[in-house]
Amino acid sequence: MARLKAGDPAPSFSLTDADGGKVTLSDFAGRRVIVYFYPAAMTPGCTTQAVDFTTNADAIGDAGYEVVGISPDLPDKLAAFRAKEAITPTLLSDPSKDVMKAYGAYGTKMLYGKQIEGVIRSTFVVDVDAAGAGTVSVAQYNVKATGHVNKLRRDLGI
């Protein structure tokens with residue numbers, strides 16, 4: 001599994017959102033987007049992270065960033081998660097895990113002392129040019145659910 005780093009081209013994507021619509025990286029042309037990968041909607045850590053992005057949405061948006069969360073969950077589960085927790089970032093479904101793999105956010109990881117295959121909680125900041133091509137400006141792997149959004153804000157000067 002190759003890991004992305006600042007300056008690398010961001011893999012493009014076209015995924016289904018919680019409402020069944022398609023969202024692509026090129027939809028964010030001319031903008032900066034925070035793309036975060038999380039293992040599963042409606043689990044404690046993933047809920048904490050999504051709620052933190054929601055709580056900080058105004059400050060993040062005012063600084064010029066959009067936020068997109070990607071998990072292997074199907075759109076119906078994402079919609080239920082969004083409704084239950086009042087999540088505001090766009091939630092995208094990657095059941096094939098192809099986009100996760102392209103970003104290096106799926107692979108071998110340690111969970112409770114055991115080595116498993118799964119989603120590696122990761123966050124990327126992508127600068128998308130006017131033509132819709134993205135460049136990674138920040139790549140963070142194995143982030144903690146709790147406190148991650150505040151750390152990211154500090155790193156980005158927000």
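**Why the terms apply: burial, cores, sheet and salt bridges**

Reader: Why is Ile-70 called buried?

Author: Ile-70 has a relative accessible area of 0%, and since buried means under 20%, with exposed over 50% and partly exposed in between (1.4 Å probe, protein chains only), Ile-70 counts as buried. This is a predicted model, in which local features need pLDDT of at least 70 and side-chain atom pairs count only at pLDDT 80 or more, while totals for chains, interfaces and linings use all residues. Residues are numbered from 1 along each chain as its sequence is written, and side-chain values use heavy atoms, with hydrogens and water left out.

Reader: Where is Ile-70 found, and which residues does Ile-70 touch?

Author: Ile-70 is found in strand β5, where helices (H or I, at least four residues) and strands (E, at least two) are DSSP runs numbered from the N terminus. Leaving aside residues up to four places away in sequence, Ile-70 touches Leu-15, Val-35, Tyr-36, Phe-37, Tyr-38, Leu-92, Asp-94, Val-99 and Met-100, a contact being heavy atoms within 4.5 Å.

Reader: Which residues touch the most other members of the largest nonpolar core?

Author: A nonpolar core is a set of buried Ala, Val, Leu, Ile, Met, Phe, Trp, Tyr and Cys residues joined through side-chain atoms within 4.5 Å. The largest one has 24 residues, of which Leu-25, Val-33, Phe-37, Ile-70, Tyr-103, Phe-124 and Val-126 touch the most other members. At least two residues of this core come from each of β4, β5, α4 (98–102), β9 and β10. A second, separate core holds 18 residues, including Cys-46, Tyr-65, Val-67 and Leu-78.

Reader: What makes the sheet an open one, and in which order do the strands stand?

Author: Eight strands form the open sheet in the order β1-β10-β9-β4-β5-β6-β2-β3, with mixed pairing. At its edges stand β1 (9–10) and β3, each with a single partner strand, so one side of each is left without a neighbour in the sheet.

Reader: How do you know that β4 and β5 pair?

Author: Two strands pair if DSSP finds at least two bridges between them, and six bridges join β4 to β5, which run parallel. One of the partners in β5 is Val-67, which is bridged to Ile-34. Helix α1 (residues 44–55) packs on the sheet, touching β4, β5 and β9 (122–128), and its direction makes about 165 degrees with that of β4. Such angles run from 0 to 180 degrees between N-to-C directions, the axes being lines fitted to C-alpha atoms, for helices over the stretch in contact. Helix α5 also packs on the sheet, touching β4, β5, β9 and β10 (134–141), with a direction at about 130 degrees to that of β10.

Reader: Why are the buried residues of α3 placed on the same side of the helix?

Author: In α3, the buried residues are Pro-75, Leu-78 and Phe-81. They cover an arc of only 120 degrees around the axis, which puts them on the same side of α3; the arc is that of the directions from the helix axis to the C-beta atoms. On the other side of α3, Asp-76, Ala-83 and Lys-84 are exposed, whereas the cover over the buried residues includes β2, α1, β5 and β6 (90–93).

Reader: What makes the contact between Arg-82 and Asp-19 a salt bridge?

Author: A salt bridge is a side-chain nitrogen of Lys or Arg within 4 Å of a carboxyl oxygen of Asp or Glu, and the N to O distance for Arg-82 and Asp-19 is 2.7 Å, so the pair qualifies. The two link distant parts of the chain, Arg-82 lying in helix α3 (residues 75–85) and Asp-19 in the loop between β2 (14–17) and β3 (22–24), 63 residues apart. Arg-82, at 28% relative accessibility, counts as partly exposed, and Asp-19, at 59%, counts as exposed.

Reader: How many salt bridges does the structure hold?

Author: The structure holds six salt bridges, among them that of Lys-151 and Asp-155 at 2.8 Å, N to O. Both residues lie in helix α5 (residues 148–156), four residues apart, about one turn of the helix. Lys-151 is partly exposed at 39% relative accessibility, and Asp-155 is partly exposed with a relative accessible area of 44%.
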